[in-house]
Amino acid sequence: MTDKIKKFLAKENPETPCLIVDLERITSSYNALCRNLPQAEIFYAVKANPATPVLKTLLALGSSFDAASIYEIEACLGTGVTADKITFGNTVKKTRDIARAFELGINLFAFDSRAELSKLKCHAPGAKVYCRLFMEDGGAAWPLSRKFGCEPNIAIELLAEAALEGMEPAGVSFHVGSQQLNLSQWELAISRTAKVFEELNKKNIQLELLNIGGGFPAHYRQSIESIEAYGNVIQNALKRHFKNSIPRIIAEPGRGIVGDAGIIQAEVILIAKKSRETRRRWVFLDIGKFGGLPETFEEAIQYRITTGKDGEPFGPVVLAGPTCDEVDVLYDKSGYSLPLGLIAGDKIEFLSAGAYTASYSSVCFNGFPPLTEYYI
């Protein structure tokens, strides 16, 4: 938690639950990525946190933007982003959204199937396209290896078809999984993509673009390597596998830019001892999976938690949300402990909660409003 956020909480005492984001921390994270990935163009993954103050802050820093929907594209354009600085990075798009994006000037589209390429040919004729490769993502807290991507041999076929059908086969992309802690996954991914470049070069198709996706981590409970370590691994892999022919590099960080910039403050609603849970207290909060913490699904993302009573004796807890839904339990098996003196009405904070929280928050499940946001 930054000093700026601490002062805001002390002065404003906002109603909970709420997200508070320090925009200066976004700036420092963005600049750190630029320093350590000097050859990469940063296309911020808008889905991580699409708030207008975030987009404006990054636009002023020179960022480009990766959009997952026509709505994110329109939000970026409405903030002053020009179309040449936006990619349509979702591989599953409605035909009318492709047409609308193309009409708005978007000229770089992702795909990973023949059916999607066919839609792009019809509704964005002549546009630049890049094919997403399937990639294993062992080591990622939030895997992305099942729904998206195709095998390299299929990507080669599809990019060759794109050239024959009047499209511009720009390159390939991959994603090693969100909150990726295994740096060797970038080595594997870059090695695999280099082979795709080689095979297409044999077909007289020269790709120009490699999109290395996101995966850069925020600071949760597990220790992480420095951004310098990530940058070194990626740069060395690019030199090793592409030698003196490194293509245009795009990176799509989301969590790595906004994650550490925000905290969520919540309130304890109830502390209960269940007869079947003699060892642990159940701590119910005014935020849960549906209110902005869905990444606690299967306890995948484990936030650091602070309270005003840290340092006092503590004991094991189950942390749960406020809704009348059985699955609205945040942490049961991850070994969380909180102060024994904690009572209803006390405040707690989830640290590094700037990414994939407010943008995930439900509109009105159980009647609860979306997560309130403050950008300072």
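Visitor: In which helix is the place of serine 191?

Guide: Helices are DSSP runs of H or I with at least four residues, strands are runs of E with at least two, and both are numbered from the N terminus; serine 191 lies in helix α8. This is a predicted model, in which local features need pLDDT of at least 70 and side-chain atom pairs count only at pLDDT 80 or more, while totals for chains, interfaces and linings use all residues. Residues are numbered from 1 along each chain as its sequence is written, and side-chain values use heavy atoms, with hydrogens and water left out.

Visitor: Does serine 191 count as buried or exposed?

Guide: Buried means under 20% relative accessible area, exposed over 50%, and partly exposed in between, with a 1.4 Å probe and protein chains only. Serine 191 counts as buried because its relative accessibility is 15%. Its side chain also makes a polar contact of 3.4 Å with the side chain of lysine 195, where a polar contact is a pair of N or O atoms within 3.5 Å, of which, within protein, one must be able to donate a hydrogen and the other to accept it, and residues adjacent in sequence count only if both atoms are side-chain atoms.

Visitor: What covers the buried residues of α8?

Guide: Cover is read from contacts, meaning heavy atoms within 4.5 Å. The buried residues of α8 include Trp186, Ile190, Phe197 and Leu200, and among the elements covering the buried residues are α7 (152–164), β8 (168–173) and α9 (227–242).

Visitor: How many disulfides does the structure hold?

Guide: A disulfide is a pair of cysteine sulfur atoms within 2.5 Å, and the structure holds 0 of them. The sulfur of cysteine 18 is 19 Å from the closest cysteine sulfur, in cysteine 364, and therefore too far for a bond. Cysteine 324 is likewise in no disulfide, the nearest cysteine sulfur, that of cysteine 364, being 14 Å away. Cysteine 18 is buried, at 0% relative accessible area, whereas cysteine 324 counts as exposed, at 77% relative accessibility.
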